[in-house]
Amino acid sequence: MKKNLVVIGNGMAGMKTVEELLSSAKDQYNITVFGAEPYGNYNRIMLSPVLCGEKTIDEIMINNRQWYQDNDITLNAGENKEVVKIDRTKQVVIAKDGSQVPYDRLLISTGSKPFIIPFKGHELEGVVAFRDVFDVNKMLSYSETKKYAVVLGGGLLGLEAANGLTQRGMHVTVVHNLEVLLNLQLDKVAAQLLQLELENRGINFMMEANTSELVDDGNGHICAVKFDDGVQIPCDLFVMAVGVRPNIALAQSAGIHCERGIVVSDTLQTYDPKIYSVGECIQHRGDIFGVVAPLFEQAKACANHLSGHGVASYKTLPSATKLKVTGINVYSLGDFHGDEESEMISFSDPSASVYKKLVIKDNHIIGVVLYGDTGDGAWYQSLLEQRMNIEDMRELLIFGQRYFQQESIAADLA
Amino acid sequence: MTNNTQQNIAINTLSTVKNISTVNTLSTIKTVCPYCGVGCGISAAVDSTSREVIIQGDEQHPSSFGRLCSKGSSLAETLALSSRLLTPWINGKKADWSTATSLVAERFKQTIEKYGTDSVAFYGSGQLLTEDYYVANKLMKGFIGSANIDTNSRLCMSSSVSGHKRVFGTDTVPACYEDYEHANLIILVGSNTAWCHPVSFQRIKTAKENNPALKVVVIDPRKTATCDIADLHIPIKVGTDVALFNGLLSYLYQENTIDQSYIEQHTQGFEETITAAQNDAFNIDTVSKKCQLATHVVDTFYQWFKDTDKTLTLYSQGVNQSSSGSDKVGAILHCHLATGRIGKLGCGPFSLTGQPNAMGGREVGGLANQLAAHMDFTDDNIDRVQRFWQSDKIATKPGYTATELFDAMHEGKIKAVWIMATNPVVSMPDADKVKEAIEKCDFVVVSDCVANTDTLDLADVKLPAAGWSEKDGTVTNSERRISRQRAILPLAGEAKPDWWIITQVAKKMGFGDNFNYQAPVDIFREHASLSAFENNDQQALRDFDISLLANISNQEYDDFQPTQWPINDEKPQGQARFFADGGFYTPSRKAQFTPLKVRAPQNQPSKQWPLVLNTGRIRDQWHTMTRTALASRLNQHKPEPFVEITSADALSFGVQQGHLAQLETAWGKMLARVEVTDTLPQGSVFVPMHWTAQFSSQGRMGALVNPAVDPLSKQPESKHTPVNISPYQAQWYGFIVSRHPLVLDGIDYTVLVKGDGYYHYELAGKKEIHNWQSHIANQLEPHSKKLTWQTYLDEKKSLFRTACFTDELLQAVLILSPHSELPERNWLGSLFSPTKESLQPDERLALLTGKPPLGTPDVGKIICACFNVGEKTILSAIKKDNLSTYQEVGESCKAGTNCGSCVSEIKALLA
C-alpha cells in the first residue's frame, strides 16, 4: 500500500522535490499538491521577462496541469485550496474549502511573502509587490494607462521590475535607501556601472532616499510618494520590492519549531519527523534563502530522504545571482566583500562597462563579482566549489578560463 | 612642420615597403648602403615629392649582386623626418646657417689664436663620404695646421691600417670578394660575419654550397651565428691570436710548405720572424696551451692551412680591437706571405671593414697619424702635400688619436672640437670620461643628421647634416671598390652636406681660395689629382692611385660605375688584387716580416674584476642605433641591451636568465638583461655595443670598456675588459607600450624599443613608483584628451596592469610585476600598428594578459626581421607540415629567404 505525501505549496522548491522523487521512487507515494495560485507550476524567476514582454506566461510554465495528471498527482490549486491548518496529531491537512487530505509524509514549501513596509498609505490602490503572476498582470494593466511608476528597492527584483515597466513605457523611478544598488550582490564599483547603464536605459534613481508616505489621490489610489526630506514625486504605481520573508504562518500555527523560517535539519526535516520543508520558507543552520540554486539542492536532498534512500545531506554552497535584465550581465557569488585576511584581484574597464573582482583567501576563490563580462562565472563557481588551489593560475585567473585552455595549446606547440 | 605631418610621413614611408603599387611616378636611383663595409649596391625607387622610397638590392653592383641584409632592406623605414635635425641650433636656440658657420669659424680662430693650433680638433666618422672627409682633412691638416683630426675608424680599423703598413708599407687590402668563390679554405678570424657583414656571409655560404671542397674555419672565443657554416670552430682565448698564427707559421715552416721563392724575391726579415714565431709558439702543444684549445683542433686547422693553396683569411674587430691588434694583423699577413698566398685568385688576407666608408677615410688620410692620400708625416710628403694644397701652414707631425684626443680634452688641452657624424659619448671606451671631457670642452660643435644623440646633447652648436638618402659623393668598401653614393631625396629642412658645411667654415676662417668647391665632383677631382701627384718610382710611389679620375667630367662622375682602385692609365678598369708578384710599397719594394710575440691583453682579470668583457654588434642594429632603431622591425630581434654569460658563471655569480644584472668595471657600470648561453667561454661575458642614453638609462657599454690601446694603432681594446657581474635586485619589473613617446625619469632601468606605431619601454626599479596612471596621463595629455583606463590589480602579489584609451583608440599599456617574467610584448605592440583597425571587444578584454584572445595567433619572438616572422609561426609551420630543413621553412613561411641571417636560428628551431 502506497503512503500519502502531501505537498503544501506548488512553487519551484516543492515541485522540484516532487520531480526528484518521481525520478527516484515513482510509485512510493500517492502525491497531493496544494497551491494557492490557480495554475500549474511556473518558473517564478522568469516573471521579469514576462513583465518586459520578452516571454509569455505559457512560456514560463514548468509543469502544466496535464503533467500532474500524467504523474497521478492530485493538484488542488486555487484560492480556496489554500491550506489553512495542519493537524499533526491526525496527520491531515485542511484547506480553506474544508477539504482534508491525510498524510504519511508532509512537505511544506510555502515559500516567502514579499515584505510590505507599513508606510502610511501602504494599503492604497496602486501599491503592489512583485511576487507572482497576479502582481505581474496588475503591473501590466497599469502600464497600459498610467505614467508614473515608483519602485521601492534597488535589489534584484526591484531593478527587474523597473526595467520591465520602463520597457512597457512607464516613467520609472527606483528609490533605494543605500548608495549601492544590488548591495547584497555587488560592490560599489560594479553597482555604479550598473546604475549608469540603467540610467542610460531611462530609469531614474533616487539613492539614499527614505520614503515617508504614500499619498492618497482622494479616491483611495496612490498619486505621489513623499520622502522624509519633503520631496514629493508623482506616482501611479508603487512597486514594493524590499525583500521577502519566509512564509511560516501555517507551520507556526501547527506548532512546528520556527525561528525566522521553519527550522530544518541537514535532511530538510522539521522538528516533526514526518514533516519536511524546502525552499524560501525554511531556515537551515541559520540561513534563509532567496535565490533558486540552493532550493534545488534542498529538493534533491529532501527527495532522497522521502524516498527512503536516506543518504543525502544538504549543505549550503555560495550561490550565484544574476540580474535578469536583457543586455546587462551581472554575476555575483560568495563572499564578494572579503575581510582583512582575504585578497582581491580586480579588473575594471568602466568605459567598456566591464568590471571583475575575485576575492581570494588561502589561495582559494571565496567570492566573485562580475559585471559586463560574466562568461566565466560558471568556471569561477566550479573553482570555488571544488576549492581549487589557484596559486599557479593566479596571474591570468581574472581573464578567464580561455587562457588556461590556451596555455595547454601553447604547451602542445612547444 | 607639425608633429602630425611628421607622423604621417613616417607612416607613408613605412607603408611603401608593404605596398609598392601605391607609389606613382618613380625614378630609380642607384646608390650604396650606408651601413657596414660590405658596401652593397642599392637600387632605390623614389617619389621625391612624397619622400616615398622602395629599397631593393642593385643586381648589377659587383660587391653584392642584388643582395641586402635586414638593415639595408629596412632603409626606407629610416627616412622619416621626425627624428631628424633640420635646422642649426646655437646654445639650444634655432639659428640660421650664416650665424652658425660664422660662430664656428670665429670660435675656432679665437681658440687657435689664444691656445695654439693644437688646441682644436675634429672627430669624424667612417659614415662621412670621401669628399666630406677630404675637405675636413684638408682644412685641419693643411690650413689650420694641426693633425688633430681622428675618426671613429680608430675604433674599428686602425689596427688593420697599421698592420698593413708595417708589413706592406701601405694600407692595402690585397684581396676581394670574388675570392670567396675561388677559395678552398676560408678562415674567419674575430668576425661574426653572419651578423656584422651578412651579405658577405651569404656569399661565402653560397660559395660553400657550390664548392663542396670549400672548408670554413671560424676563430672566435664565442660560438656565433657565423659558426653555422663552420667546418671547424676554434674557440680561442681572447687576445691570443698572435700565438695561434705564430704557431701556424712555425708549423708551415716545419712542414716545409712555405714558398721559399716568394719569400726571397718579395720579402725581408723572414729569418728573425720565424725564429720569433718558434720562440713564441714552437709546436701545437704550446699553442694549445697558450690559446686554451684542444690540440686536435689546432692540429686540424694547421693541416688544412698547409694542404690548401687557395686560402683566404678574413678578419675583423676580434683582431683589430685589441692592445695587440697590429701584431695580430701582422701574424696573419705573415702566414700568407710565407706561403705566397696573396694577391692570387682565391687567396690572401682580407680585412673586413666595419663602416661604409672607413676605407675612403683611410684613402683621404683622415686619421691623426696619416697626412693625406696614403702619405704619412715624412718631410718630403709634408712638402709634397703642402705644395699640392698651396697652403701656408701644414701639420708636420701626427695629431691626437681618438683616445688621446678625448684624454687631451679632459685635461683641458683641446678647447674646441667639431664632432661629425658620430657618437663618441657612446662608442668610445671609458665613455663616461669621454662625456666628461666633452662637457669640459669650451666649444663643442656636432654635425649630425639626427636630432638627438648622447653627443648632440652636449653640443654648443648643432649643425644639421644631410642624411644618407640626401648625400652625394663616393665611398669605398672593404675590397677597395669606389662606388657612387647618390642622393635619392632632396635635402630635408635646412640640412646641408658635410662637405658644404666644412667648406663654409673654412671660407669664414679665411681659407676661401682653397675651398672653393661647387659640388662633390670638384672635390673628387682634387682628391684624385692628389693621389696622382708625384706618384711614381722617382718621387713617392703609392698604392692609392686614381689618377685616371683626376679629370673626370661631371657626367662621368654621375655615371661612375663601382670600380676597385687603383684606377690609372695602366689599370683603367681598376684592379682586383695586389701583391701576387710582390711590388710592395716599402723603400725596398719588399714586404717586411716583423718578429712578433703574443702579448696578453693589457688589463687582466682580478679578484675584484673576475670576468672578461667582450663587446660587439648584433644582427639588426647599426652602431648607436640613431637610424636602425627607427625601423621597428630591426628592433624586434634583440630589443634590449643584454649580457651573455655561461650557465656555470650565471650560477656562481647568482644571476638568472631574463633577470637584470649590473656589470661593473674599473671604468663604469651598466645594466643588462641576462641571457644564459654556453656559446661563449666560461669566465667571459658579452654585451652588445649599440645602446645609448637615448634608448636606455644604463645600457651604454662604452662606459665599461677599458681605455687600453694598441701601442702602434692606438685602437682601443674593446674586446677585453675585466668586469664583475652581480644580480640587480629589482623590486619590480615592467614595460609600457605607448602610442606616443614618454619621459620616464627617475626609473633605474629603462630601455626604449621603437616599434611600428608605438614606443615600448622596458622598465625595472628598486624604488616603488606611485601614480603611474597620472604620470602617463600627464604625458599623453597633449596627444589625447579624455583618457579612459582599464586596470588590473592584484595588490597582494604586486601585480598591476593598466591600459588607457581615447574613445576606442588604445593609447598605452603598462604591465608591472615583482618578477621578471612578464607577458609577451609582440602582440600588444601589433595593436598599435598603423594598419590595425580599432580593437575588437575580445581584444580589449585580453589586452592586459599580453596574449591575443583565443583564435588570434601569437607569432612569438621575431626570428626573421625581413619578413617579420615569429618563432611560434615557424614552430607551428614545422609541426604542421613536418618540415625538416630551413629551406622548407622558407618556402612555407618566407622566414630566412631574404637576408638569411636568421637561418641559424631557424635551424635551432628545427633541431
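This is a predicted model: local features need pLDDT of at least 70, side-chain atom pairs count only at pLDDT 80 or more; totals for chains, interfaces and linings use all residues.
Two strands are regarded as paired if DSSP finds at least two bridges between them. Four bridges connect strand S25 of chain A, residues 343-349, with strand S30 of chain B, and the two strands run antiparallel. Within this pairing, A:Ile345 stands opposite B:Asp794 of S30(B).

The contact between the chains involves 21 residues of chain B and 21 residues of chain A. On the side of chain B that touches chain A, two or more residues each are supplied by strand S30 (787-794), strand S31 (799-806), helix H26 (841-846) and helix H27. The greatest contribution to this side is that of S30(B), with six residues. By class, the residues of chain B that touch chain A comprise eight nonpolar, five polar and eight charged.

Helix H27 of chain B, which spans residues 871-881, also packs against helix H28 of chain B, residues 886-893. The axes of the two helices are 10 Å apart and form an angle of about 105 degrees. Because angles of 65 to 115 degrees count as roughly perpendicular, H27(B) is described as roughly perpendicular to H28(B). From H27(B), the residues B:Thr873, B:Ile874, B:Ala877, B:Ile878 and B:Asp881 take part in the contact; they meet B:Val889, B:Ser892 and B:Cys893 of H28(B). This contact of H27(B) with H28(B) consists of five nonpolar residues, two polar residues and one charged residue.

Chain B also contains an open sheet of seven strands with mixed pairing. The strands of this sheet follow the order S5-S4-S16-S15-S14-S6-S7. Its edges are formed by strand S5 (93-94) and strand S7 (149-151) of chain B, each of which pairs on one side only.

At the level of domains, chain A is divided into three parts. Domain 1 is made up of two segments, residues 3-113 and 244-306, whereas domain 2 covers residues 127-240 and domain 3 covers residues 329-413. The C-alpha centres of domain 1 and domain 3 of chain A lie 36 Å apart.

Notes. Residues are numbered from 1 along each chain as its sequence is written. Chains are lettered from A and ligands numbered from 1 in the order in which they are written. Axes are lines fitted to C-alpha atoms, for helices over the stretch in contact, and angles run from 0 to 180 degrees between N-to-C directions. Angles under 35 degrees count as roughly parallel, over 145 as roughly antiparallel, 65 to 115 as roughly perpendicular and the rest as oblique. Two residues are in contact if their C-beta atoms, placed from the backbone, lie within 7 Å. Ala, Val, Leu, Ile, Met, Phe, Trp, Tyr, Cys and Pro count as nonpolar, Asp, Glu, Lys and Arg as charged, and the others, Gly among them, as polar. Domain bounds come from an automatic or database domain assignment.
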